Amino acid sequence: MTSSTTEPPALVIDDVPFRGIVEQSLAGVYVVIDERFVYANDTFAAMFGYSPGEFIGRRMVDCVTPDSVAEVQANYQRRMAGEVDSIRYTTRGLRKDGQIVVLDLHASRVDCRGRPALAGVALDITDTVLRQEELRRSEAQLRSLMRRIDTTRESERARLAREVHDVLGGMLTSAKFDIARIVRRTQSEPLAEIHQIATDLLTLMQDTIDTARVISNEMRPTSLDLLGLHTSLRQAVERFAARHRLEALVSSQGEARRVPGAAALQIYRIVQEALTNIARHAQASRVTLVLTETDTSFELRLLDDGCGIGSNPCREGSIGLFSMSERAREIGATLQLGQAPGGGTELTLSLPLPLPTPVAAGGQSHSASGGPG
Ligand SMILES: Nc1ncnc2c1ncn2[C@@H]1O[C@H](COP(=O)(O)OP(=O)(O)O)[C@@H](O)[C@H]1O
Ligand SMILES: [Mg+2]
């Protein structure tokens, strides 16, 4: 073998050995005249399960699925009419064995021996497309499963909330009245000790009744119906701040109960999860809630002054943030979590109003009834 020291010449386009390139190409290459394939390389014919010899001469429309015919013909006509020179699109080819092959095609109008023709290249993207479809299907299944779990959970919570409210609340209230009677009947000096015990017990009873009311409302926020979304959220944040000894700054503007019950419940659940996260992860000293409602939107901002959302490693299996964004998605709201001005975490939720009917009507309605006691 001899080696040459001179550099190989740069080729001009006419010298490029196109024939070899086309025949070995891993992309399909084809030429169409009068809506028939007049050339196909091995790769293109193989995409349809044929040899080039079998494939050439076939009509374009016979090589695609019936629902693709109209688009294939329309794209062909547009290029033949000179409306556009080339088009890239995806279509569904029909293989010899009846299977579908999904093709990414890019073909241009050319002149071929004095006749108008289409010269194109094609990629077989069947696997990618099938994988994407499979992924979309399983995502949709997952979403509907999550919705089902959520609905079941909400109705279970509602049942427990009713039990706590009606049964436990009723029993506690009866006990409270009995204790109040003991307090009244032990006013005389010899019973002073019992009187004091009963008085303390009465205070404890009232606290227990209040706690049961809070628990019942957190499981099923009937306050949403009674007091509206703004007040319910304000109260939730204030209760949370008191429980965790944080400073709470809450403000709300323009409440006119435009957010329907089902969406209000989802927003309430989002805030509950965000508050749990603040308690668990933020190490904050202050929590701020800003609510703004207009004819066309409901906006919510929840800020903490803690360590910031990026500062902790994410636990495996965390679904809090995921479930928050799924809830927002379900009602057509946009939800963002990021860094608050001056550090900490900021959650913003924006819901366009009025809501389309299916969203507004979705979910379960909550019964309007007071707390226990
Ligand atoms: N307010 C916050 N401040 C700091 N970190 C947060 C806050 N909210 C969420 N995070 C971070 O985001 C992660 C994911 O939250 P989440 O999905 O609710 O899971 P989990 O609360 O179960 O850890 C948390 O583990 C935490 O690291
Ligand atoms: Mg969480």
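Predicted model: local features only at pLDDT ≥ 70, side-chain atom pairs only at ≥ 80, totals over all residues.

A: An axis here is a line fitted to C-alpha atoms, for a helix over the stretch in contact, and the angle between two axes runs from 0 to 180 degrees between their N-to-C directions. Two packed helices are described by that angle and by the distance between the axes.

Just after the helix comes Gln 283, with a positive phi of about 50°. Most residues other than glycine have a negative phi. In the domain assignment, domain 3 is made of 221-309 and 318-373.

One partner is helix H8, residues 229-243. The axes of H8 and H9 come within 11 Å and cross at roughly 15°. Angles under 35 degrees count as roughly parallel, so H8 is roughly parallel to H9. Their crossing is right-handed. On the H8 side, the contact is made by Leu 229, Ser 232, Leu 233, Ala 236, Val 237 and Phe 240. On the H9 side, it is made by Ala 264, Ile 267, Tyr 268, Val 271, Gln 272 and Leu 275. An α-helix has 3.6 residues a turn, so residues three or four places apart point the same way. Sorted by class, the contact of H8 with H9 has 10 nonpolar residues, two polar ones and no charged ones.

The other partner to consider is helix H10, residues 320-331. The axes of H9 and H10 are 10 Å apart, and the angle is about 160°. Angles over 145 degrees count as roughly antiparallel, and H9 and H10 are therefore roughly antiparallel to each other. H9 passes H10 in a left-handed crossing. From H9, the contact takes Ala 263, Gln 266, Arg 269, Ile 270, Glu 273, Ala 274 and Asn 277. From H10, it takes Gly 320, Ser 323, Met 324, Arg 327, Ala 328, Glu 330 and Ile 331. By class, the contact of H9 with H10 has six nonpolar, four polar and four charged residues.

Arg 245 lies in the loop between H8 and strand S6 (247-253). Although Arg 245 is not a glycine, its phi is positive, about 55°. Pro 354 sits in the loop between strand S10 (345-352) and helix H11 (357-361). A cis peptide bond joins Leu 353 to Pro 354, with omega at about -5°. Most peptide bonds are trans.

The axes of helix H5 (residues 126-185) and helix H6 (residues 192-219) come within 9 Å and cross at roughly 165°. That makes H5 roughly antiparallel to H6, and their crossing is left-handed. The residues of the contact of H5 with H6 divide into 18 nonpolar, eight polar and two charged.

Conventions:
Residues numbered from 1 in each chain as written. Chains lettered and ligands numbered in written order. Helix = DSSP H or I, 4+ residues; strand = E, 2+ residues; numbered from the N terminus. Domains from an automatic or database assignment. Parallel < 35°, antiparallel > 145°, perpendicular 65-115°, else oblique. Left-handed = near helix turned anticlockwise from the far one by under 90°. Contact = placed C-beta atoms within 7 Å. Nonpolar A, V, L, I, M, F, W, Y, C, P; charged D, E, K, R; others polar.
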